[in-house]
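I opened my notebook to go through one protein structure.

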Amino acid sequence: MTVSYTPVLCSHAAECQKSSAAIFDPARKPWVDVSEGDLAEVFSAVGKCPSGALSVQIGTLESPMHLTDGEVDIRIEKNGPYRVRNIPIDSEFSTDGSTPSKFVLCRCGMSKNKPFCDGTHYDEKWRDDAG
């Protein structure tokens, strides 16, 4: 089993860490260690990634972790991006590995991967109430 990570899509929401700190630990190199959990725990944690930056591959089969339940949803992450599910996005914007069913959109204006969030808000300590 391999967990792949696409950094340019990551919004640093840390949902993977919240779900399984033993598997996803940024203080460790490499920061993902699937041997620290079972298959269900890995799938659950990866599935909680709001941006689609994480995916799982077992042998030659890649899991469709970006697939969602079909419900249209847009949420605002506190001090972070818009979380979007099941709203099609123009294919000209999805060349970076993003999926049409699960992605995060920049809200701070600093992303180098617009319209997608690249986590710059986290690095720059951007806040909702910033002027």
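My entries follow, grouped by topic.

**Confidence**

The mean pLDDT of the protein is 83. I also noted that 83% of its residues reach 70 or more. Which element has the lowest mean pLDDT, and which the highest? Strand S3, residues 61–62, has the lowest, at 61. H1 has the highest, at 94. Where pLDDT is low, the predicted coordinates should not be read in detail.

Next I looked up how S4 and S5 are arranged. Strand S4 covers residues 73–76, and strand S5 covers residues 82–85. They pair in the antiparallel sense, over four bridges. I found that the two strands form a hairpin, with five residues between them. Asn79 sits in the turn and has a positive phi of about 55°. I then looked across the strands and saw that Arg75 stands opposite Arg83 in S5.

Which side chain makes a polar contact with Arg75? The side chain of Asp73 does, at 2.7 Å. Asp73 is found in strand S4. Is Asp73 buried or exposed? Asp73 counts as buried because its relative accessibility is 15%, and the cut-off for buried is under 20%.

**Cis peptide bonds**

I looked up two cis peptide bonds. One joins Lys29 and Pro30, with omega about -10°. Pro30 is in the loop between helix H1 (15–19) and helix H2 (39–47). Another cis bond joins Lys114 and Pro115, and there omega is about 10°. Where is Pro115? I found Pro115 in the loop between strand S6 (102–105) and helix H3 (120–123).

**Positive phi angles**

Phi of Ala14 is near 65°, a positive value in a residue other than glycine. Ala14 belongs to the loop between S1 and H1. Its relative accessibility is 26%, so Ala14 counts as partly exposed.

Lys125 is also not glycine, and its phi is positive, near 55°. Lys125 lies in the segment after H3. Why does Lys125 count as exposed? Its relative accessibility is 60%, and exposed means over 50%.

**A nonpolar surface patch**

Then I turned to the surface. Which residues form a nonpolar patch there? I wrote down Met1, Leu39 and Ile58. Together they have about 250 Å² of accessible area. Met1 lies in the segment before strand S1 (2–5). Met1 has 39% relative accessibility, so it counts as partly exposed.

**Ser55 and Phe43**

My last entry is on Ser55, which I found in strand S2, residues 54–58. Ser55 is buried, because its relative accessible area is 15%. How many residues apart in sequence are Ser55 and Phe43? They are 12 residues apart. In space they are 8.7 Å apart, C-alpha to C-alpha.

Key: Residues numbered from 1 in each chain as written. Predicted model: local features only at pLDDT ≥ 70, side-chain atom pairs only at ≥ 80, totals over all residues. Heavy atoms only, no water. Patch = residues over 30% accessible without salt bridge, like charges linked within 9 Å, V, L, I, M, F, W, Y side chains within 5 Å. Areas by Shrake-Rupley, 256 points an atom, 1.4 Å probe, with all protein chains shown as cover. Salt bridge = Lys/Arg side-chain N within 4 Å of Asp/Glu carboxyl O. Buried < 20%, exposed > 50% of the residue type's maximum accessible area, 1.4 Å probe, protein only. Pairing = 2+ DSSP bridges. pLDDT = per-residue confidence, 0-100. Polar contact = N/O pair within 3.5 Å; in protein donor to acceptor, adjacent residues only side chain to side chain.
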